[in-house]
Amino acid sequence: MDEVLSFVEGLFRAPFFTLAKWVWDWIIGLCTGVVTTSPQDFSHQTWAFVENTLYPWTVGIGASLLSLFFIIGFLKAAMNLKENLTMELCVEALMRLVVVNVVMQAGIYVIRTMFTMAAKLGGAVLSFESPQFFTSDQDVGSQLFWWLFGFGYFLVALVCAVMIFLTLYGRYIKLYLLVLFFPFAVPPLLGGRGIEGTTYAWVKTFLSNTFEIVAIAAVMSVTGMLISEVSLPTPDGIAELFDGFVQAIHSMIYMILMTSSVKGVSALMNKAFNL
């Protein structure tokens, strides 16, 4: 009841600030909640549909591709005039066929383990505590800010929160699709040089998107702590009347910095690990 009364009181005193703070806190609360959630637990219905309906269908197609790429690899070796088709090459090709077949059959179990591992790592890294927004001090600066930039402040909070939300939730869609692509990505290993790069590309993409959540959790924790310790210059004298203006600017910088950091995680990981 006290929270409701405080919210209503804030609407009359500083409506844009109250709405912005409510939207930001609510959406960020949703985002931090999914950091520790694996794709299996994020949507049980979606995961059941992917694993029990779509995945067996793609595995059937992948099994057919195994034979196709095995023949391609064998023909490439047979037509290679620099290297003779020896018994060792035939045994190696058959061993690779067996290994790839086993990997395809056990792939879904490995994928589930990786998803769970990434979710637990994200929860271990996450130590997120949102810095305090603009305080309740009502001075000339705060009133001036809300009159001039109140609606813009609300838009910044809304857009930044939604962008973080879409980044985190869009990751799950990518992971569900990567699960379905797995049976298509494994058979090219039998195709030999040049073709097997398809498998390596899938592995890089899968690892990048799976463990991206760990980097995002670290970014959110570090950014929250960093902005909490950074303070803008405090006005002196008569300028103290405009201290609320500075605090509001500080809140905007925090939201923009958090959003840009989360959005840049994928590009940073791709550069750092050549993914």
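This is a predicted model: local features need pLDDT of at least 70, side-chain atom pairs count only at pLDDT 80 or more; totals for chains, interfaces and linings use all residues.
A disulfide is a covalent bond that joins the sulfur atoms of two cysteines. Among the residues of the chain, C31 is buried at a relative accessible area of 0%, and C160 is buried at 8%.

The chain contains 9 helices and 0 strands, and its elements run α-α-α-α-α-α-α-α-α from the N terminus on. Of its 275 residues, 38% are buried. Among contacts with a separation of 6 or more, 85% are between residues 24 or more positions apart. The chain exposes about 15400 Å², of which carbon and sulfur atoms supply 70%.

### Nonpolar core

The largest nonpolar core has 58 residues, and W24, I164, V179 and M255 have the most contacts inside it. At least two residues of this core come from each of α2 (15–35), α4 (44–78), α5 (87–125), α6 (140–185), α7 (197–229), α8 (243–263) and α9 (265–272). The greatest contribution is that of α6, with 16 residues. Leaving aside residues up to four places away in sequence, V179 touches W47, V50, Y55, I108, I111 and F115.

### Salt bridge

Side chains of opposite charge can pair when their charged atoms come close. A search of the whole structure finds 1 salt bridge. This salt bridge joins the side chains of E51 and R112, at 2.1 Å from N to O. The pair links distant parts of the chain, with E51 in helix α4 and R112 in helix α5, 61 residues apart.

### Surface patch

On the surface, F16, F151 and L155 form a nonpolar patch with about 260 Å² of accessible area together. F16 itself counts as partly exposed because its relative accessibility is 31%.

The relative accessible areas of the individual residues discussed above are gathered here.

| Residue | Relative accessible area | Class |
|---|---|---|
| C31 | 0% | buried |
| C160 | 8% | buried |
| F16 | 31% | partly exposed |

Conventions: Residues are numbered from 1 along each chain as its sequence is written. Side-chain values use heavy atoms; hydrogens and water are left out. A nonpolar core is a set of buried Ala, Val, Leu, Ile, Met, Phe, Trp, Tyr and Cys residues joined through side-chain atoms within 4.5 Å. Buried means under 20% relative accessible area, exposed over 50%, partly exposed in between (1.4 Å probe, protein chains only). Helices (H or I, at least four residues) and strands (E, at least two) are DSSP runs, numbered from the N terminus. Contact means heavy atoms within 4.5 Å. Patches are made of residues with over 30% relative accessible area and no salt bridge: like charges are joined within 9 Å, nonpolar side chains (Val, Leu, Ile, Met, Phe, Trp, Tyr) within 5 Å. Accessible areas come from the Shrake-Rupley method with a 1.4 Å probe; for residues, only the protein chains shown count as cover. A salt bridge is a side-chain nitrogen of Lys or Arg within 4 Å of a carboxyl oxygen of Asp or Glu.
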